[in-house]
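Look at the model first, then read on.

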Amino acid sequence: MIGYAVRRLGQSVLTVFLTVSTVFVLIRLAPGDPAAAFAGPLATTEDLAKVRQMFGLEEPLITQYGLFIKNLLTGDFGTSYSFQAPALDVVMGRMPYTITLAASAILVTALVAIPLGVWMARRADTRRELAANVLTIAGQSMPEFWTGVMLLTLFAVVVPVLPASGFATWGGLVLPTVTVAVLQIALISRLVRREMCANLAAPYLTVARSRGVSSFGLTWRYAMANSAIPVLTALGTRFAAMVNGVVVVEVVFAWPGVGSLVVRALETRDYPLIQATVLVTAAAAVLVQFLVDLAYSVLDPRIRLGKAVSR
């Protein structure tokens, strides 16, 4: 376990480094001039030259990259052009909001999708299961921005019981959470149904049934236990994606997370802010996947991470 953890940690660091390096190059190859975005439309040629010199944009790309790596190793992520503050501080100030939204959405997803998927599997090929299938397909087909706008219209305009935007109160978390969770519930519940159907038809369950195991035990102790790893993998992958910022939802609800921050950084060509955002979110996503991998051996003691399974 320790050896596996060390290897995975090394792979994670390399993944984050390659991700940040790729973004460093791509944003500089993209059209647009950060000096012009910073100086404004009335800036003269001399003004633009001063801004480029101030931010080191006149240096060759390889020189800028070397300076970036040097500063990165010392913990200096640069100063945000638009906020005029350390880029890392700006990103870390937004991360709690994104993590709160992601955690609440994945919690709602797990609490609804897992029982729903089990219920659908227990009633496979019946009319009630067909109706649930139609609902999940509909939830999977609806774009998040449309779901968010509909929820806003219903619960913040027609029946104004919830805040329309921001996070001034905990009530402001409800609509963004539901908007994100609708799609996730549809995806995860269908996965749970597929895994449970396969396990409920497995020979080992017939043996357990012949031993007098109750229906509850057959469903949760046996079938669900053997479906836990793919379900956990799916939940971990979706949570990691949310930590990277649910951009559309954050923009619709004016949520002060990293997703909306990235949109602003891209609009202003704020290189340090983009790089710091990518680094922090990539590190968080890789950490989530790392923890999910370690949880495999807890869910299934037969798994020995980093070793071949003996036969």
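Helices (H or I, at least four residues) and strands (E, at least two) are DSSP runs, numbered from the N terminus. This is a predicted model, in which local features need pLDDT of at least 70, side-chain atom pairs count only at pLDDT 80 or more, and totals for chains, interfaces and linings use all residues. Residues are numbered from 1 along each chain as its sequence is written, and side-chain values use heavy atoms, with hydrogens and water left out.

The chain has 13 helices and zero strands. Its C-alpha trace spans about 85 × 60 × 30 Å along the principal axes.

An unreviewed UniProt entry lists several spans as "transmembrane region", including 97-121 and 278-299; such annotations may be inferred rather than shown by experiment.

Of the 311 residues in the chain, 41% are buried (under 20% relative accessible area, with a 1.4 Å probe and protein chains only).

A pocket is an open set of points on a 1 Å grid over the protein atoms alone, where a 1.4 Å probe fits, with protein on both sides within 12 Å along at least five of seven lines; lining residues have an atom within 4 Å of a point. The largest pocket is lined by 21 residues, and Phe-55, Leu-67, Asn-71, Tyr-81 and Pro-272 lie nearest its centre. Helices H1 (2-29), H3 (45-55), H4 (61-73) and H13 (271-299) each give two or more residues to this lining. H4 supplies the largest share, five residues.

Methods: Buried means under 20% relative accessible area, exposed over 50%, partly exposed in between (1.4 Å probe, protein chains only).
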